[in-house]
Amino acid sequence: QEGGVVALFKICRQDCFRCLYPQTLRTLASICCVEEGMHQLEKVDGILCLADILTDNTHSEATRAEAAAVIAQITSPHLTFTQHLSSFLENMEEIVTALVKLCQEASSGEVFLLASAALANITFFDTMACEILLQLNAMKILLAACSDKHIVDTPYSRDQVVTILANMSVLDQCASEIIQGNGVQLLMEMLFERSSSGNSAEVAACERVQQKSAVTLARLSRDPEVADVAVKLSCIPRLIKLCRSPTERNNSDSVLVACLAALRRLAVLSPDGLEDSDFQQLVKPRLVDSFLLCTNMEESFV
C-alpha cells in the first residue's frame, strides 16, 4: 500500500546501490507472495528488471541468485493469480537461459536450489519452457549437477531437479537425453530417497522426490529403450517394495499411486520381473483396487 515494491525496484535500477541488490531482491521475494505485490511488480516492469539482472554477468552470483528467488516466488504453482504475468512470457526465453547458466555455474547448493526452483516453477507456468530447456541442453546440465554432492546436497534440490525432469518427460525427445545422461540411474536412486533428520519438511520433500521419480519413470517408459534400462537397473523390485511397504514410502498415498502406475507400465514390457502374487495384486486389478489393497496392507505381511 505504501509503494514498497515500486521503491525496491527503483533501488534495483540504480548502479550506485548494487551492494544492496541481494537484500532488496530478498525483500521483493517476500512481498510478491501476495496479489497486490504482483500487480505492483507488473506496473513497474519488474519482470524486465529481473531479466536484466539475471542476464548481466557483471552482477554477483548472490545478486543473480536472489533474482532467481523472486522468479521462483512469482511463478509458484501454488499462487492463483500468476495469470497477470503477461510480461513474463515476453522475457521467458532469456530468463530460462540465464537460470540454466546459473545452475551450471552454481558455486553452492543454495544458489543451485534457488535457480532450479525457479526453473521448476516455470515448467508448470508455461509448457513452452520445457522445449526451451531441451534446446539449452538443460537435462544434461541438471543430471551432471546431481552427481556433485556439494551442489545438489539436499532432498529439496533433488525435488526441484526431478520436478523439471517430470515436466520435461512429456516431450518425446527427452527419452534419449535421459539415457545419455544416466538419468534412469538417477531416477532409480531417487526412489530410495530418505530423510536423515526426520523433520517434517524434509520428510515431505523426500516423498515428493520418490513420487515424481516414479511419475517420470512411468512417463518415460513409453519409450521401450528407457523401459529396458529401467528393468536392467532393477526398478521393478524397488517399485514393488515401495508399493508393499508403507514405511519405505512414509505411508504416502501419492508415492503409492505413482509407483503402481510406473510398475504397471514396466510390467507390460517385462512381465518376467514379477512374481505371480505381485501380478495378481499390484498389476492385474484396477488401479484403485491395488491402491486400496496396499494402503490396508499390514507391515508384517511384507
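How many helices and strands are there in the protein chain?

1. The protein chain has 18 helices and zero strands. Helices (H or I, at least four residues) and strands (E, at least two) are DSSP runs, numbered from the N terminus. This is a predicted model, in which local features need pLDDT of at least 70 and side-chain atom pairs count only at pLDDT 80 or more, while totals for chains, interfaces and linings use all residues. Residues are numbered from 1 along each chain as its sequence is written, and side-chain values use heavy atoms, with hydrogens and water left out.

2. The C-alpha trace spans about 70 × 35 × 35 Å along its principal axes.

3. Of the 302 residues, 51% are buried. Buried means under 20% relative accessible area, exposed over 50%, and partly exposed in between (1.4 Å probe, protein chains only). Contact means heavy atoms within 4.5 Å; among contacts between residues at least 6 apart in sequence, 71% join residues at least 24 apart.

4. The protein chain carries 24 positive and 38 negative side chains, and the centres of the two sets lie 4 Å apart. Lys and Arg count as positive and Asp and Glu as negative, with His and the chain ends not counted. A charge is placed at NZ of Lys, CZ of Arg, CG of Asp or CD of Glu.

5. Side chains of opposite charge can pair when their charged atoms come close. The whole structure has 14 salt bridges, each being a side-chain nitrogen of Lys or Arg within 4 Å of a carboxyl oxygen of Asp or Glu. One network of salt bridges links Asp15, Arg18 and Asp56.

6. Arg26 forms a salt bridge with Glu66 (2.4 Å, N to O). This pair links distant parts of the chain, 40 residues apart: Arg26 is in helix H2 (residues 21–31) and Glu66 in helix H5 (residues 61–74). Glu66 is buried at 8% relative accessible area, whereas Arg26 is partly exposed at 47%.

7. Arg26 also forms a salt bridge with Glu110, with the closest N and O atoms 4.0 Å apart. Glu110 lies in helix H7 (residues 109–125) and Arg26 in helix H2, so the pair ties together parts 84 residues apart in sequence. Glu110 is exposed, with a relative accessible area of 51%.
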